Amino acid sequence: MNLVEAVNSALREEMERDDRVMVLGEDVGRAGGVFRATEGLQKLFGEDRVVDTPLAESGIVGTAIGLALFGMRPVAEIQFMGFIYPAFDQIISHAGRMRNRSRGRFSVPLVIRAPYGGGIHAPEHHSESTEAIFAHTPGIKVVIPSNPYDAKGLLISAIRDPDPVVFLEPKRLYRAIKAEVPDGDYEVPIGNAAVAREGEQVTLIAWGSMVPIASDAADALAEEGIDVELIDVRTVTPLDSETIIESVKKTGRVVVVHEAPKTCGFGAEIIAMINERAFLSLSAPPQRVTGFDIVFPLLKSEHLYLPSVERISAAVRRVMEF
């Protein structure tokens with residue numbers, strides 16, 4: 001099963017299990033979503049539970065917040081992360097604050113799904129990677145799977161979570177990889193990172209679409225005799241700091257990889273956390289391999305923007321040679 005099929009499987013099984021779960025967004029019904037993640041769901045569950053909405057992101061999320069407050073479990077789809085900005089006010093001012101505002105009397109069990117990131121030669125506004133904005137917003141959980149197994153298990157956990165979750169799907173991986181994905185009910189807990197590869201000399205930290213690239217870099221570095229431990233963050237917030245700190249204390253060297261711009265990217269937060277809790281374990285200054293502080297480039301130049309095996313390998317060599 002590929003990643004987009006895993007998303008579809010999670011939605012279908014949760015809708016079968018719980019009739020409060022519903023899907024809404026642009027073209028999610030008859031068309032099955034822009035990437036076909038909701039294909040077939042309207043035929044199975046009807047137009048009242050798989051709702052085609054107008055092209056109005058603020059309205060989609062605002063409606064979903066209201067549905068969640070009145071007992072439903074809505075999953076709102078935003079077609080691309082770059083289209084989510086009109087819904088910021090609803091997410092930041094209402095979804096993320098309702099539990100605090102009502103002193104715990106109300107919560108918003110809402111999932112906002114959005115394909116994110118570059119690598120598919122998309123036009124402007126289709127390749128954003130702004131997870132750090134949501135990670136900076138109290139009350140919002142941010143989940144980013146890197147493979148089909150985690151995509152299904154994490155989405156099931158997100159739908160069952162009592163609070164709002166922004167679920168970012170790496171669209172360049174939608175059909176790039178296949179993996180064994182169980183039929184039926186299983187959860188991947190929110191807030192647990194995965195050690196995707198065990199190693200002893202340097203910790204490589206990545207999430208979403210950067211995990212396979214980092215894995216390829218680890219393979220290449222192994223041929224040079226460099227033993228890399230790769231951590232798949234899985235959940236940006238809440239961050240599994242324990243797994244990261246444990247690895248850094250073991251290796252003493254760390255490189256963080258993300259495709260978002262460098263300045264104020266979530267890699268900066270991870271390195272600050274490492275400096276606070278494991279500074280004396282470090283044998284070299286931590287490094288970041290990121291996108292650049294520019295608008296995501298158009299088609300022909302996106303390969304120059306996105307972190308590559310070569311850029312990651314060079315950063316690992318720098319911390320090894322320090």
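Which residues are linked with Asp-185 in a network of salt bridges? The network joins Glu-14, Arg-17, Arg-160, Asp-185 and Glu-187. A salt bridge here is a side-chain nitrogen of Lys or Arg within 4 Å of a carboxyl oxygen of Asp or Glu. The model is predicted: local features need pLDDT of at least 70, side-chain atom pairs count only at pLDDT 80 or more, and totals for chains, interfaces and linings use all residues. Residues are numbered from 1 along each chain as its sequence is written, and side-chain values use heavy atoms, with hydrogens and water left out.

By the salt-bridge rule, the count is 16. Asp-185 sits in the loop between β6 (165-170) and β7 (194-197), and Arg-160 in helix α7, so the pair ties together parts that are 25 residues apart in sequence. Helices (H or I, at least four residues) and strands (E, at least two) are DSSP runs, numbered from the N terminus. Asp-185 is exposed, at a relative accessible area of 53%. Arg-160 is partly exposed, at 22%. The classes are buried (under 20% relative accessible area), exposed (over 50%) and partly exposed (in between), with a 1.4 Å probe and protein chains only.

A further salt bridge joins Arg-317 and Glu-224, with the closest N and O atoms 2.8 Å apart. This pair links distant parts of the chain, 93 residues apart: Arg-317 belongs to helix α12 (residues 309-321), and Glu-224 to the loop between α8 (210-222) and β9 (228-232). Both residues are partly exposed, Arg-317 at 29% relative accessibility and Glu-224 at 44%.

Glu-229 and Lys-250 also meet in a salt bridge, at 2.6 Å, N to O. Glu-229 lies in strand β9 and Lys-250 in helix α9 (residues 241-251), 21 residues apart. Glu-229 is buried, with a relative accessible area of 4%. Lys-250 is partly exposed at 39%.

Helix α9 has its own buried residues: Ser-241, Thr-243, Ile-244, Ile-245, Ser-247, Val-248 and Thr-251. Among the elements that cover them are β7, β8 (202-206), β9, β11 (254-257) and α10 (266-278). Just after α9, Gly-252 adopts a positive phi of about 80°.

At the domain level, the assignment gives domain 1 (3-173) and domain 2 (194-321). Such bounds come from an automatic or database domain assignment. The contact involves 27 residues of domain 1 and 26 residues of domain 2, where contact means heavy atoms within 4.5 Å. The domain centres, taken over C-alpha atoms, are 27 Å apart. Together the domains bury about 2000 Å², 56% of it on carbon and sulfur atoms. Buried area is the accessible area (1.4 Å probe) that two parts lose on being put together, summed over both.

One salt bridge crosses the interface of domain 1 and domain 2. The side chains of Asp-150 and Arg-234 meet in a salt bridge at 2.9 Å, N to O. On the side of domain 1 that touches domain 2, α6 (131-135), β5 (141-143) and α7 (148-160) each supply at least two residues. That side has 14 nonpolar, eight polar and five charged residues. Ala, Val, Leu, Ile, Met, Phe, Trp, Tyr, Cys and Pro count as nonpolar, Asp, Glu, Lys and Arg as charged, and the others, Gly among them, as polar.
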